[in-house]
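Here are some notes to read alongside the model, written as numbered points. Keep the 3D view open and look up each residue as you go.

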Amino acid sequence: MAPAVPLALLALVALLAPGLGVALPGCDYPAHLWCSSWEIAVACQAESRCANLSRRAAAPVELSLYYESLCPACREFLVQQLFPTWLLLPAEALNITLVPYGNAEERNVSGKWDFQCQHGPEECLGNMIETCLMDEAKDFGTYFPVIFCMESGSSVTKNLEACLQVYAPQLDAGRIAACVQGDTGTALMHRNAQLTEALNPPHNYVPWVVINGKHTDELQAQAQTSLLQLICRLYQGEKPEACGGSGAPKSLASCRR
């Protein structure tokens with residue numbers, strides 16, 4: 001029987017002469033097939049040898065933010081963490097859904113939905129304006145800068161027209177106002193209420209962050225501390241240039257029910 005070859009020697013041979021095709025754990029393919037697909041290249045640790053092989057597209061990290069327009073902690077997270085992270089990362093790395101409702105409550109009064117918000121009627125108005133803005137604009141890249149502008153200003157509910165002039169002058173403020181004052185806005189807010197009430201686990205504070213369909217205390221803490229680092233870690237595709245940096249820690253805060 002041939003003498004056993006020490007593992008250290010096999011590793012050395014593989015390092016110095018990869019063309020010999022020494023199999024690696026999880027690699028059941030001969031060397032000439034290592035670049036036949038990206039999955040095989042990864043399994044055989046041959047990515048560097050397969051420069052002409054297209055990397056499989058990775059799904060973006062899915063982030064949903066459940067928030068309310070006048071909650072200080074929500075505004076801080078949206079302005080200081082979410083918006084900068086969105087600016088720094090390409091669209092293929094991060095997909096964001098905004099649900100303005102938070103700790104509000106709804107009730108059916110004579111067949112019409114009525115909303116009570118944690119920070120009063122002004123917050124209900126802010127939630128409605130942002131919801132109608134999203135419905136009118138459709139495109140996230142169009143409405144998110146406007147929402148950022150509103151949330152970072154002195155008055156969320158009074159900044160819409162000024163923010164539209166700067167970030168989305170093509171949008172009609174009159175159409176958004178009609179949505180806010182009509183049945184469309186009420187129906188959209190009812191949908192936000194349903195989405196928020198369907199959370200599992202149920203939310204007990206805002207901002208409430210759901211990432212790839214999950215909410216945990218650990219994910220929430222990491223998101224509020226350094227969202228960019230978290231998304232960079234979770235994204236399975238080729239790391240964007242921004243992932244070489246790190247965000248400064250932020251204080252944790254929330255608006256509890």
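1. Start with C132 and C179, which form a disulfide in this predicted model. Their sulfur atoms sit 2.1 Å apart. The torsion about the S-S bond is about -75 degrees, so this disulfide is left-handed. C132 belongs to helix α4 (residues 121-137) and C179 to helix α7 (residues 173-181), so the bond ties together parts that are 47 residues apart in sequence. Are these two cysteines buried or exposed? C132 counts as buried at 1% relative accessibility, and C179 is buried too, with a relative accessible area of 9%.

2. How many disulfides does a search of the whole structure find? The search gives six, and two others are worth a visit here. One of them pairs C149 with C163, with 2.1 Å between the sulfur atoms. The S-S torsion of C149 and C163 is -75 degrees, and the link is left-handed. C149 lies in helix α5 (residues 140-152) and C163 in helix α6 (residues 160-167), so this pair ties together parts that are 14 residues apart in sequence. Both C149 and C163 are buried.

3. Next, find C232 and C243, a disulfide whose sulfur atoms are 2.0 Å apart. Here the torsion about the S-S bond is -85 degrees, and the link is left-handed. C232 is in helix α9 (residues 217-234), while C243 is in the loop between α9 and β7 (255-256), so the pair ties together parts that are eleven residues apart in sequence. C232 and C243 are buried.

4. Now for a cysteine that is in no disulfide: C74. Which cysteine sulfur is nearest to that of C74? The answer is that of C71, 3.2 Å away. A disulfide needs sulfur atoms within 2.5 Å. C74 is buried, with a relative accessible area of 1%.

5. Please trace helix α9 from end to end. It has 18 residues, yet its end C-alpha atoms are only 16 Å apart, short of the 26 Å that a straight helix would reach at 1.5 Å a residue. Where is the kink in α9 centred? Look at S226: the kink there is about 125 degrees.

6. Two peptide bonds deserve a second look, since most peptide bonds are trans. The bond from N200 to P201 is cis, with omega near 5 degrees, and P201 is found in the loop between α8 (183-197) and β5. V206 and P207 are also joined by a cis peptide bond, with omega about 0 degrees. P207 lies in the loop between β5 and β6.

7. Finally, check two backbone angles, keeping in mind that most residues other than glycine have a negative phi. Q45 has a positive phi, near 55 degrees, and lies in the loop between α2 (38-43) and β1. With a relative accessible area of 57%, Q45 is exposed. S110 also has a positive phi, about 55 degrees, although it is not a glycine. You will find S110 in the loop between β3 (105-109) and β4 (112-116). At 79% relative accessibility, S110 counts as exposed.

Definitions and conventions: Residues are numbered from 1 along each chain as its sequence is written. This is a predicted model: local features need pLDDT of at least 70, side-chain atom pairs count only at pLDDT 80 or more; totals for chains, interfaces and linings use all residues. Side-chain values use heavy atoms; hydrogens and water are left out. Helices (H or I, at least four residues) and strands (E, at least two) are DSSP runs, numbered from the N terminus. Buried means under 20% relative accessible area, exposed over 50%, partly exposed in between (1.4 Å probe, protein chains only). The expected span of a helix is 1.5 Å times one less than its number of residues. The bend at a residue is the angle between axes fitted to the seven residues ending there and the seven starting there.
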